[in-house]
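This report looks at one helix and at a set of charged side-chain pairs. The sequence and structure come next.

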Amino acid sequence: MKYDVVVVGGRVAGSIAAYHAAENGLRVLMLEGNPEIGTPVQCAGGVSDSFFKSTGIKPLPEFTCTRINAAAINGPHGARITTRNPIISGYIIERKIFDKYLALRAAEAGADVSAGSRVKDLIFHDGSVSGVKFRGPDGTHEVESDIVIAADGIQSGVGRMAGLDTRFRPGELCSCAQYEVAGLDVDDETMEFYFGSTFAPSGYLWIFPKGDGRANVGVGVRRTRCSDNGPLHYLNSFISRAGCSRLEFNAGAVPVAGPIGRTCTDGLLVVGDAAGQVDPLTGGGIHIAAECAMIAADVATDAIESQRTDSGFLSNYESTWRDRIGKNLDRSLKFRKVLDSLSDDELDALIRSFDGKDLNSISKISLLKVLRYYPRILKMLKNML
């Protein structure tokens, strides 16, 4: 068998890369290791309007649960602000259905899709990646391709097979646990975030409403010592006080230390969580993964048409995505480090300092004025801004 592109991974990054490569006229095979695309769920399901605008995907009722117009930020000692900034507007989606929708969209564009198919090794010709060996429900196969796109998630095994360092150390990962719950008293239009050591040290707790009292409630924390409590400890503590029913449990990890050092090599591109293309502050990665997947598909198309699948040509992918989103990821990483260093009292003071102010119109200068009574926070923000 021979394809132009093999995409490894059938979640958001993989399916969008496969769709755009197929739309560009390439012969595409997408392999998903899990037996069912979309499971297990490893996402809270918040997607912004800008995602749908940039990808051209319509927010269909089949996979959207609720319309989101606001976010509430809660401090450890009761401070609370609510913002209706337009960048927050979007939807809570049902990831199982959404991921399968994206895979179906790729298939309808012409890509071959195979679930339950795990890549065991790569094929090399003259030192360049030129295909995959995988085991599927119908046996073991070898497939040659001009380019492989690795969208196989954190600690990408496919990237490492190609010689790239795709590993993240434990302190660079956010460990997450989430329940889908029923019977929770929550505003269907507002996402809730809770910060502080009682809710989620070095992380946050989220409530993403799904309508009619259902919600995804989760915790993400970074553990620096084995003795630290994991996310499930804090999640169970919160849920036990909320008094709601638990419909589903999911757990996973998110890279929050910025992208890996190199996302391409001869014959191979790395996208999505596999490349660490995740916002280090929020842990959100759907929109970023989609942007990078579309860039990867376009660069792969140009490379195949030019008969240049070497790392020199494929570095166009690396330079393009870093130009478009690299600075934003760097800025988010700095903000996250500032938040990590704040005590509970400082976190609460920071949130209270915005009470009653229009968050949409706060400039850098007004932000510094607001925080003039908190010299330690002010010094850190001045260095960052």
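A network of salt bridges links Glu94, Glu180, Lys210 and Arg214. The model is a predicted one, and a search of the whole structure gives 19 salt bridges.

| Pair | N to O |
|---|---|
| Arginine 11 and aspartate 99 | 3.6 Å |
| Arginine 80 and glutamate 192 | 2.8 Å |
| Arginine 214 and glutamate 94 | 3.9 Å |

In the pair of arginine 214 and glutamate 94, distant parts of the chain are linked: arginine 214 is in strand β15 (residues 214-221), and glutamate 94 is in the loop between β7 (90-93) and α3, 120 residues apart. Arginine 214 is partly exposed at 25% relative accessibility, whereas glutamate 94 is buried at 19%.

Arginine 80 and glutamate 192 form a salt bridge between strand β6 (residues 80-83) and strand β13 (residues 190-196), 112 residues apart. Arginine 80 has 38% relative accessibility and counts as partly exposed; glutamate 192, at 9%, counts as buried.

The salt bridge of arginine 11 with aspartate 99 starts from the loop between β1 and α1 and ends in helix α3, so it ties together parts that are 88 residues apart in sequence. Aspartate 99 is buried, with a relative accessible area of 1%.

Helix α1 itself covers residues 12-23 and spans 16 Å from first to last C-alpha, close to the expected 16 Å. Eleven of its twelve residues are buried, among them Ile16, Tyr19 and His20. Their cover includes β1 (2-8), α3 (95-108) and α6 (286-306). Just after α1, glycine 25 has a positive phi of about 95°.

Notes:
Residues numbered from 1 in each chain as written. Predicted model: local features only at pLDDT ≥ 70, side-chain atom pairs only at ≥ 80, totals over all residues. Heavy atoms only, no water. Helix = DSSP H or I, 4+ residues; strand = E, 2+ residues; numbered from the N terminus. Expected span 1.5 Å × (residues − 1). Buried < 20%, exposed > 50% of the residue type's maximum accessible area, 1.4 Å probe, protein only. Contact = heavy atoms within 4.5 Å. Salt bridge = Lys/Arg side-chain N within 4 Å of Asp/Glu carboxyl O.
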